[in-house]
Amino acid sequence: MAAKSSDAKRIEELRTLLHRANRAYFAEATPIMSDPQFDRLLKELEALEAAHPELADENSPTKRVGGDPIDGFQTRAHRVPMLSIDNTYSEEEIRAWVDRTLTRLAKGAEKGELLGDSGARFAADPKIDGVAISLRYESGQLVQALTRGDGAQGDDVTRNVRTIASLPLVLNESAWKAPAVLEIRGEVFIPHEEFARINDEREAAGDEPFMNPRNACAGTLKLLDSRVVASRGLAFLAHGHGEISAGSGIESYAGLVEALLEFGVPINEGWRLCDNADEVVQTIDDFDAIRRDVAQPIDGMVIRVDSFAQQAALGSTAKSPRWCVAFKYAAERKTTTLESVQFQVGKTGKITPRATMSPVLLAGTTVRHATLHNFGEIRRKDIRIGDEVVVEKAGEIIPQVIEPVLKSRKKGARRIKAPESCPVCDGPVELEPPELEASDDRTSELETARRCVNPECPAQIREKLIWFAGRGQMDIDGLGAMTVDQLLATDGVPLAHFADIFRLHRHRDALLELERMGEKKVDNLLEGIEKAKSRGMARLLGSLGVRHVGSSTARALARLFPDVDALIAADEAELRPKTLGKEDAARYGLPEDPKDRPSTNLGLDTAPVVHRYLTSKAGDDLFKALRKAGVSLESLEYVDGDADGGDSPVSGKTIVITGTLENFKRTELSELLEQRGAKVSGSVSKSTSMLIAGEKAGSKLAKAESLGVEIWDERRLLKELPDLMDS
């Protein structure tokens, strides 16, 4: 049905008004409405757009909240390469660069290569420690956002960039008319307050905090779920350009800044035009005095020739433009005494050493604690308790110990002993790289991480419980994050182990007292728990969070072993990979011929880790408790002998599933196909035999077509495998 003219008009009015409100708030710092008023108008627009999907617009203000997850990112070429900038670290180097630049311009003027005289002005712009992005606007509309990538091409992150509230999706036109094509280069970053909020939330949830804003920002931009991106509070500031259509009237950096401000694009307010090296150096010094007070992470100052014509004449080397350079500020460092070291266990089981030091004022705050990263780094740097240590803030945010002051080491300085078992649950630990052994007196400088592999470790249990109950795992409807949190906070309801979930029927009265829980919800929850008892060995193993045992590996093990007891009783060698070369076969005393032993999906390094957990006391206690609680440990996929899928048309094929299916969830279909001898993979490659494509198949379908992979839709799948609907 066509939209009513009044609704269409109101939608356009709301979009224009909300775009203007965003511009006024973020680019001009002069809000034109309150936050509640903005939210009310945004909700009105969302309702109208939902009622009239034919009026959808990718640049609507409502798109900033994100959408459904995507399969991956496509790589696209930059129209104008995004080159890196050379760095300098001293006043002398800056003065030398200015002199070289003026000399080159003078020689160019003598040869007639430059119009006008050989003088130049320089723009000094605070350098944001973020992620470089190129934004392409066509006729004033944002159409593409690419990461720097390798400079020649980058990942298309348009979907995620649209969530950035400070970034205009439609350029404002007043004094300047938007060129047909305008590529704006700038930095996406996480403001200090947002970074602190994110880390507080991560620590409260038992996650490891991000090390610095830049890495957190880079990781956020590559998330497949733009709704999560929208929650991270990313911001953007412009600092340059790529392709600009002819006749734009923009001829210098100062002119670009003027145009961007008119367009509603936020720029760094600390920039300044300079006439000579003295003014450049003074600008660098002036900003250094205030840079820790600004909202965004600043790690330097970019100095560039103002005139675009002069920039073009100066040109570039293979890696960097000759017309600009970056001065990098030194991070503030202080020395203090390392008093003790604690071991923190994160959600993934990673054990991180954390230093407690004598308080020291650093970059504007008093610092008492700092990360020591990992035990390999402690050994490489020979950091000891009692040492005087050098501390700095990574990205001006996260305190970290850089090195000990060896010349002031005292006789009583003690080596830091790495834990041989988990400091929380005393469970087994895994070292990375996996060939290392968990012995403190042999802690290797090569060690990069140390993890507790007990999935029921209390330090990890909240997230593991939520994962365990989720869809695709044990699929217990009603046992989400909020319910788990309420149960963990309820006295008299034990929820310290997976088996406790299957004893919740004993606490029905307590469940009824939970917020938003009534008779029906409690009954549905208990019914879901009862059904989960019979999900079988594969679903159980894949839900426990045992390191290196995901859903596909769990299904592979369930095809080879009739129950968990048989799996535990297996020799470590039986969990090794199916195909071995001569050297590895001889090393482990295993056959080379893959027909002699079916695959477990585990590798030479991961199989020992899994075997060690299965045969540990923690593993034994877990499975005994689950069995006692009535959970089936038997395999539903086991076939006596090597299950090859018989005459199934998918037997022996590597299959990828993408898009939305009408009759199946992806996880359910994966299990059904693997029961018929197929191997289900998450990505398309040359080894892919077949792609099963549902609605909105996306990039995986395009890649499969380019590789000539056989493609089935759901109708073809059911025609070839009619028994799937009976499973």
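Okay, helix H16: which of its residues are buried? Val522, Leu525, Leu526, Gly528, Ile529 and Ala532 are. Keep in mind that this is a predicted model.

Look down the axis of H16 and those buried residues sit within an arc of 155 degrees, so they line one face of the helix.

A quick check on the geometry. H16 runs over residues 519-532, which is 14 residues, and at 1.5 Å a residue that should span 20 Å. Its end C-alpha atoms are 20 Å apart, so the two agree.

Now the cores. The largest nonpolar core has 54 residues, and the ones touching the most other members are Ile476, Ile501, Phe502, Leu544 and Leu626. Take Leu544: skipping neighbours within four places in sequence, it's in contact with Pro455, Lys464, Phe468, Phe498, Leu622, Phe623 and Leu626. There's another core apart from that one, with 39 residues, including Leu171, Ile184, Ile250 and Leu256.

Last thing, cysteines. How many disulfides are there? The count comes to zero. Cys425 is in no disulfide: the nearest cysteine sulfur belongs to Cys452 and is 3.6 Å away, while the cut-off is within 2.5 Å. Is Cys425 buried or partly exposed? It's partly exposed, because its relative accessible area is 24%. Cys217, on the other hand, counts as buried, because its relative accessibility is 1%.

How values were computed
Residues numbered from 1 in each chain as written. Predicted model: local features only at pLDDT ≥ 70, side-chain atom pairs only at ≥ 80, totals over all residues. Heavy atoms only, no water. Buried < 20%, exposed > 50% of the residue type's maximum accessible area, 1.4 Å probe, protein only. Helix = DSSP H or I, 4+ residues; strand = E, 2+ residues; numbered from the N terminus. Expected span 1.5 Å × (residues − 1). Arc of directions from axis to C-beta. Core = buried A, V, L, I, M, F, W, Y, C linked by side-chain atoms within 4.5 Å. Contact = heavy atoms within 4.5 Å.
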